Amino acid sequence: MVVTWFMRWLIPIVVTGMLHGFVWADSGRDSASHTFQGIDEAACAAPANPVVAENCLPGTNEWISDNYSDSIEVFTSLDSVNTGEQVDLFVNTSASQYDLYVYRTGYYGGLGGRLVFSRSGLRGNQQPPCARAEDTGLRTCSNWSSSFTLPIPTEWVSGIYIVRVQRPDTGGENDTAFVVRNDDRPAEILYQHSVSTLQAYNNYGGKSAYNWNSGFCSTVAQAPRAVRISLNRPYSQFKMGPDYFYRAEYPMVRWLEQQGYDVTYSTTQDTHRAGKPGAVNTLLDHKVFLSAGHDEYWSQEMRDAITAARDAGVHLGFFTANTAYWRVRFEPDPLTNEPDSVMVTYKTTESGPVDSSGFHTGTWRDPAGANDPENGLLGALYIGDNDRFYFPMRVSAQEAQDSIYRHTGLQSMPSDTYVEFGDHVVGWKWDARADNGREPEGLTVLATSPVFGMLLQDAGNSANGNLALAAAHMVRYTAESGAIVFSSGTIQWSWGLGARGLEIVEPDRFIPQMTYNILADMGLQPATPSDNLILDGSGVEPAPLPDSLFKRAADVIPPTVSNLQTAVNGTSVTVTWETDQPAAGQLWYGTRAGHIIFTGGVDETYKTSHSFTLDGLKPNTPYFFKAASVNDMWGVTISDETQVTAGGLSSFGDQISYTLDPVIRGGGCFVRANMTGLIVIAISVLIGLAFLAWNMSSRARLRRAAQN
């Protein structure tokens, strides 16, 4: 029966592919890329679910773009589309033609993707400039025309798909991601792709939800960031950027499909729609709801849908951090009236007025706003980050007694020891439990990992943060419904599963087993488990752990920081210090005392002399510095704060340029913000000048006539 089902599933794909330009053969990058690597022949002969069957098909590594170019851009009309429907592709390029490739991401014998559709020689065209609203920072490309309509065959398996467009003349390429759903198949796992967060960081058109990549011109937020973010625009992130699908989501997707879990896919926007009043909550059709990577921006509807799923017994797995931090709302596109295609996030917790709708769009924890801290659902909440230095996970002997550590050997640790593992998995943002009266009953701390970086000091204004030591917490609790809620406390959990973004690495010794244990406790079993997993009931004992893994706190002596010196050279400052033992170093700085929030460089080389130079500082401006040093036992020392004032500009020309620069940029901002009014004024001036010239000409003619 299963074999018959598999053939019924496979044959229509081949037929559909022939009808729709479906390409199975290699398109020229790497003829060896279409190979079966580690495929279980028995599992493929009788696949347990569509994900297993799909990953038995030949894969390719061509889905990874290696020649990114902004001379060709693409986005899709829908963030997710059901099988049997269609999605429009919007392509902008100066090339006369372009080639189109569509891939499904997964495992595929380790290659990570499969080509499901291609079309060559499509007509290229240049789209009009995207619509702009300078007061809110909105950039929407909903005024673009459709370049290609992609049909989604009913045989396509739900997944996260990559659209890659390429110029045949230069080889320049770009991509975007979208989800194919299968609303008729209630798989055990519903995996949510974090579209809202990816778009919040996306600064295509020069604006995002962040000041650091939104240019100079302020919006109603009284800062450069946008308060309205369109979902209808290309992504500007590079493929390994911290806020794109590849960084932390893809490694989780790859591992889930490698293990043959029964998974289907959706997006944050699907969760939003599922939480609307009167809507069918599609999360209830699944045993487990998973979010991985970076899932920072939640609407009220999203939180309502996920909370309702928990209360109905659906298990929740958050392999994330900084989750549900910003509360947002959605509204229609101003040009097309497409519903829920503009995300509104005033971030009043940081600056500016309240949301013009009266609905608070700040942090969930803000007592002046939503006042509904996220740890009430997640068990932990965001505390800070370090985007240049990552940490291992630390588990004490007491924490290791929990069932999450079964089959790892960690439960046999000596009572006064701890183990560190998962190199780089704790980062770049972290969560921790909070004593705010909202913590769920029965919360268990499963790991306590020391970290350092920018820590929040209030309800969510990072400008008021400061460099300090902290601990990230992995937590779990069981709701009254029996639903297990797990939170990893880190964005990069998936880096322990065999890939750091697109870089394939050896899986961590413990993270895959722990991930299996979590899902098994939620009632799930993999259909094609890796050899390194020990399944419940198998009777297999884990290998004994070497004594060298066990550490004691008394054995860790942090480095001593001494001789911290600063040397000013115009608008550059060099900071040096020494440590009494080899250590990695990181420089931090700020422009306000007690608020050291920026990283000024990191050197992970273990040495005793450390030096960092910061260039391009503001002239004659005070800066505040701290030095952090870390030895090979993860002993950390942060220096006292020191102050230095940057020097002046060396030449008169530089001084004039520096003085005029904000005036010129401010003038440019004024022109962009008042373009319509300025055009009216310019036309009025031209009409006035024309009238004056005509009047003067007429008078001259009259004088000449009178003289004659």
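Which helices and strands each supply at least two residues of the lining of the second largest pocket? I looked them up and found β1 (72–76), β10 (173–181), β11 (189–193), α4 (195–201), β13 (263–267) and α6 (268–274). Helices here are DSSP runs of H or I with at least four residues, strands are E runs of at least two, and both are numbered from the N terminus.

Before going on, I noted that this is a predicted model, where local features need pLDDT of at least 70, side-chain atom pairs count only at pLDDT 80 or more, and totals for chains, interfaces and linings use all residues. Residues are numbered from 1 along each chain as its sequence is written, and side-chain values use heavy atoms, with hydrogens and water left out.

**Second largest pocket**

I checked which element gives the largest share of this lining: α6, with five residues. A pocket is an open set of points on a 1 Å grid over the protein atoms alone, where a 1.4 Å probe fits, with protein on both sides within 12 Å along at least five of seven lines; lining residues have an atom within 4 Å of a point.

**Largest pocket**

I then turned to the largest pocket, and β19 (381–385), β29 (572–590) and β30 (598–614) each supply at least two residues of its lining.

**Helix α7**

Next I looked at α7, residues 300–311. Met-302, Arg-303, Ala-305, Ile-306, Ala-309 and Arg-310 are buried there (under 20% relative accessible area, 1.4 Å probe, protein chains only). Just after α7, I found Gly-313 with a positive phi of about 100 degrees.

Methods:
Expected span 1.5 Å × (residues − 1). Buried < 20%, exposed > 50% of the residue type's maximum accessible area, 1.4 Å probe, protein only.
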